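Here are my comments on the model, as numbered points. Please read them with the structure open.

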Amino acid sequence: MTTLLWLQASGCGGCTMSLLCAESPGVLDLLADAGIRLLWHPALSVETGAEARAILQDVAEGRVALDILCVEGAIARGPAGTGRFQMLSGTGHSLMHWVGLIAERARHVVAVGSCAAFGGVTAAGGNPTDAVGLQYDGAHPGGLLAPDWRSGSGQPVLNVAGCPTHPGWVTETLMMLASGEALPLDAYARPRFYADHLVHHGCPKNEFYEYKASARGLSEIGCMMENLGCIGTQAVGDCNIRPWNGEGSCTRGGYPCINCTAPQFEDPSHAFVETPKIAGIPVGLPTDMPKAWFMALASLSKAATPPRIDANAHADRVIVPPTLRKPR
């Protein structure tokens with residue numbers, strides 16, 4: 001039996017809400033089938049007060065072995081490094097204290113969501129609470145835990161980033177850890193099973209992207225890269241390959257990808273629905289594509305755009321269907 005403890009630090013709880021969207025099976029059935037015993041979760045467990053404190057104390061003092069510690073939300077280090085902006089009621093200690101203590105006991109430590117991984121929205125703007133991720137402060141190694149810190153398994157914190165993170169990314173990570181299967185990580189310690197993909201892969205707007213048939217407003221169904229800030233061609237994630245509940249993703253819902261799996265996505269220095277440009281050229285280009293190649297291809301693509309695609313790109317629904325061709 002694999003033991004799992006879940007703590008919620010400074011965040012909105014959205015990653016837990018997303019996790020509850022796991023289906024076929026649901027998350028609790030999935031954990032049970034994988035042999036994972038949930039010791040405690042602040043929103044899903046029945047234990048409260050003294051009972052919950054006793055569970056944390058037993059884990060912290062080694063009386064109960066802990067295989068996986070999941071932390072949701074950033075770590076508030078303020079004021080002045082005390083962590084007292086977020087206290088764990090009834091213990092006299094901060095969440096920062098408890099996370100640091102229990103992390104030393106865990107075989108694996110998982111940062112659930114971009115707040116826990118990098119600081120995320122909790123660290124946006126002036127960051128008055130001095131919020132950081134478990135092992136990253138934005139894109140810089142070293143958050144609550146030092147860059148060279150390793151869990152009992154010898155691994156760094158596993159950053160299942162996303163805002164909120166996909167339920168499938170969390171459950172797949174937990175199942176792989178419980179089975180003892182190797183979990184390859186990318187340069188930001190994100191599981192590669194989803195970080196080796198781009199949000200662009202499987203996007204329903206790809207036909208418009210190919211011809212650079214761009215939407216000019218959020219109600220239009222054309223590609224949102226040129227004018228509306230979409231950076232799905234640079235953002236890691238398989239959101240459009242396995243969408244939420246089999247159907248949903250940001251771009252499928254008509255909203256641009258904001259690269260929520262990346263460090264510091266929360267402070268892009270421009271509106272999320274605006275594409276920064278220099279001399280009319282988007283600043284952010286697709287991953288691995290030289291600017292000269294992109295400009296040449298974009299020019300050719302726009303020149304070759306079929307009237308159907310151009311018309312549909314600037315509408316809120318398909319107004320010109322594909323041409324029907326008679327069989328020979």
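**Notes on the model**

1. The lining of the largest cavity comprises seven nonpolar, five polar and one charged residues. In this count Ala, Val, Leu, Ile, Met, Phe, Trp, Tyr, Cys and Pro are nonpolar, Asp, Glu, Lys and Arg are charged, and the others, Gly among them, are polar. The cavity has 13 lining residues, and those nearest its centre are His-200, Cys-203, Cys-223, Cys-230 and Thr-233. Its space is about 110 Å³. On a 1 Å grid over the protein atoms alone, a cavity is a set of points where a 1.4 Å probe fits but cannot get out, a pocket is an open set with protein on both sides within 12 Å along at least five of seven lines, and lining residues have an atom within 4 Å of a point. Grid points are joined across faces, edges and corners, and the volume is the space filled by probe spheres set on the points.

2. This is a predicted model, in which local features need pLDDT of at least 70 and side-chain atom pairs count only at pLDDT 80 or more, while totals for chains, interfaces and linings use all residues. Residues are numbered from 1 along each chain as its sequence is written, and side-chain values use heavy atoms, with hydrogens and water left out.

3. Two cavities of 30 Å³ or more are present in the structure.

4. The largest pocket has a volume of about 310 Å³. It is lined by 19 residues, with Gly-229, Ile-231, Gln-234, Pro-268 and His-270 closest to its centre. By class, twelve of the lining residues are nonpolar, seven are polar and none is charged.

5. UniProt, in an unreviewed entry, gives a "binding site" at Cys-239, Cys-257 and Cys-260. These residues span 22 positions in sequence, yet no two of their C-alpha atoms are more than 11.1 Å apart, so they gather at one spot. Of this set, Cys-257 belongs to the lining of the largest pocket. UniProt positions follow the numbering used here, feature names are shortened, and annotations may be inferred rather than shown by experiment.

6. Cys-239 sits in the loop between α8 and β12. Helices (H or I, at least four residues) and strands (E, at least two) are DSSP runs numbered from the N terminus. Lys-212 is also placed in the loop between α8 (206-210) and β12 (277-278). Its phi is near 55 degrees, a positive value in a residue other than glycine.

7. The unreviewed UniProt entry lists "domain: Cytochrome-c3 hydrogenase C-terminal" for residues 197-272. That stretch is 7% helix and 0% strand, with its end C-alpha atoms 22 Å apart. For residues 12-177 the UniProt annotation is "domain: NADH:ubiquinone oxidoreductase-like 20kDa subunit" (unreviewed entry). Residues 12-177 are 30% helix and 20% strand, and their end C-alpha atoms lie 26 Å apart.

8. How do α3 and α4 pack? The axes of α3 (residues 49-60) and α4 (residues 95-103) come within 9 Å and cross at roughly 45 degrees. Axes are lines fitted to C-alpha atoms, for helices over the stretch in contact, and angles run from 0 to 180 degrees between N-to-C directions. The two helices, α3 and α4, are therefore oblique to each other (under 35 degrees is roughly parallel, over 145 roughly antiparallel, 65 to 115 roughly perpendicular, the rest oblique). Leu-56, Gln-57, Val-59 and Ala-60 of α3 contact Trp-98, Leu-101 and Ile-102 of α4 (heavy atoms within 4.5 Å).

9. Please check the cis peptide bonds. One joins Ser-24 and Pro-25, with omega about 5 degrees; Pro-25 is in the loop between α1 (14-19) and α2 (27-33). Another runs from Cys-163 to Pro-164, with omega near -5 degrees, and Pro-164 is in the loop between β11 (158-160) and α6 (167-179).
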